[in-house]
Amino acid sequence: MKYSVPLIGFLLLTVLTFAQDNRPVAEQFKEKLAGMLVQGDDGKVQETQQEFQKLCFQLGTPGQETKRKELVDLMLKTLDDPNAAGSHRWLIRQLGRLGDASTVVTLGKFLDSEDARIREEALWALADIPDAAAEKVLTEKQAKEKDAATIAALKQAIQYHATPNKVVVKSLDEILTILSGTDEKAWDTALPSLGWIKDPKIAAVPKYSERFEKLSPRAQVLLIDALSTVGDRTALPLAVNMTKSDDESKKLAGYRALGPLGDLTVLPLLVEKIREKDAFGNTVRDSLCRLHFDGADKMLIDAYDKATDNGVKNELLEVLRKRKGSVAIPVFEKALVSDDPGLRSRALWALESIGEASSIPALVDRFLRAEDTAVREAAERAIVGISSRYEDVDGRGQALCDEITKRHQDDQRLLLPLLGRIGGSAPKKFVLEQINVLPQRDAAVKALCAWPDASVADELYQFASSSDDPKSKDATRAYLRVITLRTDRSPKESRQLFEKGMQLAKSLDDKKFLLVRVETARSNEVFDFVVPYLDDADLVQEACRAVVDMANDNGFYMGNRKKIDPCLDKVIERSKDKNHVERAKRYQDRR
């Protein structure tokens, strides 16, 4: 269902009061994208989605045009990457909220997505973009559409797109007057204007406290939310009073406002309620995360050190993790050796996202002393997560290499494979040196097989092509994996690598594995490589998939239609996958 106009307008027009992240936009986007693509951890994905939404809101405000353009370009590039499909719905939603006309063409393509949820996101994203080009795309789609439900949704979106902009209210005094009335439609007109009022201060409004108390509970909630979003700290006394209310909605709104508006006086009040359950407890913990006065992290650390209840400690660790302050890193490292398994788990999760190279020794200790597989995997993720945040020129993976050299041979064999998940020049040099040390050889080859890019392709090919090497089977599959990763190599080079890989493949499964991955290097040369396998009884199903995956690119398909259509005919005739058959038919119907 579409969000209400006032809510979206308000979010877009106001300035968030979270502590600003001054890192380059590309770095922030890379981090958020990785979090949104995490497998098997819905909580992590949802948290990262919300963090990314906050970034979009921040860059959607006046004065952020250059950074906003960079972010939009990164999002559009990611929408072209099928490997990032797990993030596409959320990216489309944020592009709609940002309202950039340059995104219309890309968003329009998703109106024909196979995923109904993606189609819906694209439809409403276009409805949010005020440019006439967005309405044109929706109208053209409506004219071609045959499904009644889709036509109705398009009509609704087009009508929404045509809704005129709301009138801007010019002062906080005027907003307070409007909220004192009973016309809630007028409230919806007034509140979105708050973000454009220069330095709004409720305390500067005559008799503000008395007038605020006379507002209805709902009006108070809406106004305190709005004031906290624009960072009006003169509203803090109002928020504190609301936390004492018997009205649950007012009480919840008061605690919600303590985060962005609070100072050191409210921290004890929030810590006292940190273990509350349900929506109230979530609000308290979120407000602790949002406190941004000088020394807030230090006070939270002091509260953690003084707490005697491990449940409170656990919640405070989670708050410190979400705040991402490097000042808390020693606290997390210390918690790694706690007797409480919950604290150890929280610490591992935190260090994965905010730890630094100096945290590697403590994490290696935790990895080697792990009580069970889950803990070891969490420690491994943290080590890899920290190491992967460094660029190659900054010594990516060097801290782990240094730590491995200090360990016993048995421990080195456990740690070496981790370097394969990190990559980089220093780990590659280190791993290749270890291959020549017989006790470490298998662990070093295992590291190469897990490498994140094709920089070790030659080394993997050497092991894979050696029939007497027991690791040749693993090396073959790893070689086929890395050569099909997306790179900037030429189409000719890609085809040569795929032909070489097919010759190397030791089993039918390996050949199938290669064929279903070649779409990552979509080009005429690679398409020509796939076509002969449509006539191979053993590989025809994988070839069918590769053909439809490449034909999915409308630009590629339209530019090579005479060559691709006969192959789609073969897919329709020979594929055993109904989805591939339907896709082939649908692509042929495109104009």
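Glycine 281 is buried, its relative accessible area being 0%. The residue belongs to helix H17, which comprises residues 278–290, and its C-alpha atom is placed 9.7 Å from that of tyrosine 255, although 26 residues separate glycine 281 and tyrosine 255 in sequence. These values, like those that follow, refer to a predicted model.

In the protein chain as a whole, 36 helices and 0 strands are found. The C-alpha trace spans about 85 × 65 × 35 Å along its principal axes, and of the 591 residues in the chain, 49% count as buried. When contacts between residues at least 6 apart in sequence are considered, 64% of them join residues that are at least 24 apart.

Helix H2, formed by residues 25–36, has 12 residues that should span 16 Å at 1.5 Å a residue, and the C-alpha atoms at its ends are 16 Å apart, in agreement with that expectation. The buried residues of H2 are Val25, Gln28, Phe29, Lys32, Leu33, Gly35 and Met36. Because these buried residues fall within an arc of 160° when H2 is seen down its axis, they line one face of the helix. The cover over the buried residues of H2 includes helix H3 (42–59), helix H4 (65–79) and helix H5 (88–98).

Within H21, Leu343, Arg344, Ala347, Leu348, Ala350, Leu351, Ser353 and Ile354 are buried. The elements against which the buried residues of H21 pack are H3, helix H18 (296–306), H19, H20, helix H22 (360–368) and helix H23 (373–388); H3 is also among the helices that cover the buried residues of H2.

Two packed helices are described by the angle between their axes and by the distance between those axes. For helix H13 (residues 217–229) and helix H15 (residues 248–261), the axes come within 9 Å and cross at roughly 10°. With angles under 35 degrees counting as roughly parallel, H13 and H15 are therefore roughly parallel to each other. On the H13 side the contact involves Pro217, Gln220, Val221, Ile224, Asp225, Leu227 and Ser228, which meet Ser249, Lys250, Ala253, Arg256, Ala257, Pro260 and Leu261 of H15. The residues of this contact between H13 and H15 divide into 8 nonpolar, 3 polar and 3 charged.

Positive phi values in residues other than glycine were found at two lysines in loops. Lysine 207, with phi near 55°, lies in the loop between helix H11 (184–190) and helix H12 (208–214), and its relative accessibility of 61% means that lysine 207 counts as exposed. Lysine 324, for which phi is near 60°, is placed in the loop between helix H19 (310–323) and helix H20 (329–335). At a relative accessibility of 30%, lysine 324 counts as partly exposed.

Technical notes
Residues are numbered from 1 along each chain as its sequence is written. This is a predicted model: local features need pLDDT of at least 70, side-chain atom pairs count only at pLDDT 80 or more; totals for chains, interfaces and linings use all residues. Side-chain values use heavy atoms; hydrogens and water are left out. Helices (H or I, at least four residues) and strands (E, at least two) are DSSP runs, numbered from the N terminus. The expected span of a helix is 1.5 Å times one less than its number of residues. Buried means under 20% relative accessible area, exposed over 50%, partly exposed in between (1.4 Å probe, protein chains only). The arc is that of the directions from the helix axis to the C-beta atoms. Contact means heavy atoms within 4.5 Å. Axes are lines fitted to C-alpha atoms, for helices over the stretch in contact, and angles run from 0 to 180 degrees between N-to-C directions. Angles under 35 degrees count as roughly parallel, over 145 as roughly antiparallel, 65 to 115 as roughly perpendicular and the rest as oblique. Ala, Val, Leu, Ile, Met, Phe, Trp, Tyr, Cys and Pro count as nonpolar, Asp, Glu, Lys and Arg as charged, and the others, Gly among them, as polar.
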